[in-house]
Amino acid sequence: MRAASRQYLGKNCNVEKLADALEEYFETHGYVTQSAQKGGGYVIQARKEGFLRDLLAADRAFTVTLTGKPEDFTVSFGIGKWVQNLAMATLEGVALVPILFFVEVPISLWSYEIEREFWSYVEQQVELRV
């Protein structure tokens, strides 16, 4: 999976409610989440917990950023480092990085499926204009 962004123009969507809906999406899929509002944007991090997950990817999390205004906004999705105090981090400081394919093929394949489902959910929420 690579870090990916999609820009939504002329949608007039409530970005704050979209951020809330995306955090809820991860929570209903069994993820531990944290979120913060930073300036004109939102950051959401989601990760699974458990012994095996901690062993393989202790500091990794799906990271979503939303920036812009209701009529024109951008959603970015990728893997980032789990930030211990997300409220204190800057929006620009939350980096999205690709997964190293040659090292983590199973994780990459699993992440691809999560990404596909995530974008489908985002599209539904934007069409509903949350």
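This is a short tour of a predicted model, stop by stop. Residues are numbered from 1 along each chain as its sequence is written, and side-chain values use heavy atoms, without hydrogens or water. Local features need pLDDT of at least 70 and side-chain atom pairs 80 or more, while totals for chains, interfaces and linings use all residues.

Next, select strand 4 (residues 60–69) with strand 5. They pair in the antiparallel sense over 10 bridges. Find Leu66; Val75 in strand 5 stands opposite.

**The rings.** Now show Phe, Tyr and Trp. Rings pair if their centres lie within 6.5 Å, taking the six-membered ring of Trp; planes under 30 degrees apart are stacked, over 60 edge-to-face, the rest tilted. The count is 13 aromatic pairs. Pick Phe26 and Phe77: their centres are 6.5 Å apart and their planes at 5 degrees, so this pair is stacked. Phe26 lies in helix 1 (residues 15–28; a DSSP run of H or I, at least four residues) and Phe77 in strand 5 (residues 72–81), 51 residues apart.

**The charges.** Last, select Lys48. Its charged end sits over the ring of Tyr31, 4.7 Å from the centre (cut-offs: NZ of Lys or CZ of Arg within 6 Å of the ring centre and within 35 degrees of the ring normal). At Trp82, the charged end of Arg47 sits over the ring, 4.2 Å from its centre.

Conventions. Helix = DSSP H or I, 4+ residues; strand = E, 2+ residues; numbered from the N terminus. Pairing = 2+ DSSP bridges.
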